[in-house]
Amino acid sequence: MFASILDGIFNGLSIGSILLLAALGLAIVFGLMGVINMAHGELMMLGAYTTVVVQNAFKGIGGPLFELYIFFALIAAFLVAALVGLALERGVIRYLYGRPLETLLATWGVSLILQQFVRSVSWVMVFGLILFSLLFFGGQWLLKRRADFESVQKWIVAALLPLSIGISLAASTFLGQTYKLAVTKPWFGAQNQDVTAPSWLRGGIPIGNFQLPSTRLFIMILTIGCVVGVYWFLNCTKWGLRIRAVTQNRNMSACLGIPTRKVDAITFAIGSGLAGVAGCGLSLLGSVGPNTGQNYIVNTFMVVVVGGVGKLIGTVVGAMAIGIADYVIGTGILGNLTNNPALKEVFAFFATTSMAKVMVFALIILFLQFRPAGLFPQKGRTVDA
Amino acid sequence: MTVQAAGGRQGVDWLRRRSLLMEVGIVALVALFLMFIVPLLLSGFRLNLMGRFLALAIAALGIDLIWGFTGLLSLGHGVFFALGGYALAMHMKLQIPATASSQLPEFMDLYGVTELPWFWRPFDSFPFAAIALMLIPGLMAGLLGYLVFRSRIRGVYFSILTQAMTIIFFNFFNGQQKLINGTNGLTGFKTILGATVSDAGTQRSIYLATILLLVAAYAVCRWLTSGRFGRLLMALRDDESRARFTGYNPTGFKVLVFAVSGALAGLAGAMFTLQSGIISPKAMDIAFSIEMVIWVAVGGRATLVGAVLGALVVNFGKSLLSEKFPDFWLFFLGGLFLGVVMFLPDGIVGLIRTQGVEWFRNLTGRSKQLSTYPSLEEDPEAQYERKNIDDRKSDG
């Protein structure tokens, strides 16, 4: 009995900590900008793929350093995801400010593109993309010196866009024809990639006849580290203060001279970076595929819904509650606690991973009847809050 | 203005009636064209696709009703679509000839089910199934809508809750092997109303029925969105708090319109299932539900014609492009999401309405249509000043 409870709590916390890690970045961004980033899962996926790349690079180096690759991978995953997130904010989301539903659709588009990107990325494609950006943005940059740039910008874009697409397509097709598979072979392809955990993360720590897997412990520690880090950043730094100010009242903050656009960009980059870290953690649990992110987004959204956007602690509690509920219902432990046969049957019906999700969703809807804005809502006096 | 001055209220009524008559005429013409001319132009395979896409257009109308007019972005319409599809599919699976050895759908024998589950039984009758395929999704939507709207959850919260619902239903249907054949879904339909489903003649009548139902759905949506109810929906979209302060309780209206939209999706699912020959939990894929939204976005929000047009354009584009470049289809789709949202917020119909009208007037030599006070718009001095002020702004 004791072992099964311990097992339930540990596994629940473990699932919860993954959810938390994934939801942390999402919650900050949602709280600040009111924007749901559908590409968040794909940023996690990018983090996981970065881990694969770093791991392979360290395998090449070999030796004792390989055991430490995971730390480098964490940093690299954070940076890659943060950069992609920054590009996403600068290139798309900032134009859609104040239209959250449109942002949702646009980020979904980005997520589709990213999924296909990791499937088909190859040297040729990277080459083509770089060439295209050079031609398109470089051309615009050059033409910006013209005095009448503003008035002809439309025409310049209309001329440059097909030109640069055409040139880069032709060039990469030519490359592909000449060097064949050497450059056209996809880096990852559609199949899943595997990450081998360093040897000190394999196995587990035995407690009685029950074993705590090291990777899961590592993820928990990672999560705690991230939460503490975010807490420190939000509460003890200058930019954190600004982020909190803009979260509370955007217009007032702007009036007081806080550069809200910059705050948006920085927050989005950090939120995306956290997604990358989450992806790195995930890669330890199973193989990494283009759809890795998709499996997690809905649950992470639910964490944000339950937790509310007012406080960090809301996200923590929300993630743990969903994680534990998911596990406890899914394994059917609840059935052992009751003697009522009808109730036992109900619990047994829901005691599979997928049916547990049904139950958890019903519970969330029920919960929202009492607390529509989550556990820790943003306090305010506006009607729409 | 002049008409109103001359004929008063009657004049306005007459004008309105005339435009309504014109609309009815155009819709009838298009429907007749689709019914009798298009089958001559397209091959059998393409015609079947056309029929399917027309069924999807019914779902697009439903999406337009809640997203375009009411501002609720549902990412869960795949569920209602699938519920409608399953309702009709269950009816068709029960059309077992009396001579057959087992009076159960064949997958049940496979999983060792000996008795028909209770909820299958009423689907044996066609009238019940025909009503249920709209009623069940409608009630489901109404229930979820009531629980969500009652606690004033809206905006992105609503969207992600509907999305979560999609996953939930997907999991549920996927897991119930014995009851509804799990992942494989229901397929292998034999007869409907005594006619063989796969028969060319039957498919032809199904195609015609789809068009008629689409016209009916269009009429219902048109009726709902014109007049007071429609204006209230738009008021809820533009400023719900203000609508509430003026004394309307938004919950009931939102629940109603969400239910209607769900019912339309159910109808679409049923017609789609008839023509594709399968309904499986794949219809409750997250991606499919979001794609429905993009049909409406491409066609033009808050324009019913746009929804139909968008559904047809996007789906035909999809079937062509994904045949030609299967690897790049996702890039196209992703680009479509981005492009429409960022550069074409009003969709094709919106573009035609604003730019197209102007272009047409230019072409026919008529002057630009002016929305502000005319003399100011045409006064060169005012134009000059405006330009200079604009220039100064862009400098600073």
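Me: What distance separates the centres of domain 1 of chain B and domain 2 of chain B?

Reply: This is a predicted model. In it, 50 Å separate the two centres, taken over C-alpha atoms. Domain 1 of chain B covers 24-290, and domain 2 covers 368-396.

Me: How do you know where confidence in chain B is lowest and where it is highest?

Reply: Compare the mean pLDDT of the helices. Helix H17 (residues 380-395) of chain B has the lowest mean, 64. Helix H11 (residues 250-276) of chain B has the highest, 95. Chain B as a whole averages 86, and 92% of its residues score at least 70. Over residues 1-6 of chain B, pLDDT stays under 50. For that stretch the model has five contacts beyond four places in sequence. The scores for the model are ipTM 0.86 and pTM 0.88.

Me: Why is chain A called as compact as a globular protein of its length?

Reply: The rule gives 21 Å for 385 residues, and chain A has 24 Å. The two values are close, so chain A counts as being as compact as a globular protein of that length. Its C-alpha trace spans about 80 × 55 × 40 Å along the principal axes. Chain A has 16 helices and two strands. Buried residues make up 40% of the chain.

Me: Why is A:Gly271 called buried?

Reply: The cut-off is 20 or more other C-beta atoms within 10 Å. A:Gly271 has 28 such neighbours, so it counts as buried. The residue is found in helix H11 (residues 260-283) of chain A.

Me: Which residues does A:Gly271 contact, leaving aside neighbours within four places in sequence?

Reply: They are A:Gly25, A:Leu26, A:Ile28, A:Val29 and A:Gly85. A:Leu24 is 247 residues away along the chain, yet its C-alpha atom is 7.3 Å from that of A:Gly271. Across chain A, 76% of the contacts with a separation of 6 or more join residues 24 or more positions apart.

Me: What makes the phi of B:Arg152 and of B:Ala302 worth a remark?

Reply: Most residues other than glycine have a negative phi. B:Arg152 is not a glycine, but its phi is positive, about 55 degrees. B:Ala302 is not a glycine either, and its phi is about 60 degrees. B:Arg152 lies in the loop between helix H5 (126-150) and helix H6 (156-175) of chain B. B:Ala302 lies in the loop between helix H12 (286-299) and helix H13 (304-324) of chain B.

Me: Which residues have the most contacts inside the largest nonpolar core?

Reply: That core has 200 residues. Among those with the most contacts inside it are B:Ala57, B:Leu61 and B:Phe337. Beyond four places in sequence, B:Leu61 touches residues including B:Ala217, B:Leu264 and B:Val308.

Me: How many residues of chain A are in contact with chain B?

Reply: 35 residues of chain A are in contact with 37 residues of chain B. On the chain A side, H4(A) gives the largest share, 14 residues. That side divides into 24 nonpolar, seven polar and four charged residues.

Definitions and conventions
Residues numbered from 1 in each chain as written. Chains lettered and ligands numbered in written order. Predicted model: local features only at pLDDT ≥ 70, side-chain atom pairs only at ≥ 80, totals over all residues. pLDDT = per-residue confidence, 0-100. Helix = DSSP H or I, 4+ residues; strand = E, 2+ residues; numbered from the N terminus. Contact = placed C-beta atoms within 7 Å. Domains from an automatic or database assignment. Nonpolar A, V, L, I, M, F, W, Y, C, P; charged D, E, K, R; others polar. Rg over C-alpha atoms; globule rule 2.2 N^0.38 Å. Buried ≥ 20, exposed ≤ 12 C-beta atoms within 10 Å, placed from the backbone. Core = buried A, V, L, I, M, F, W, Y, C linked by C-beta atoms within 7 Å.
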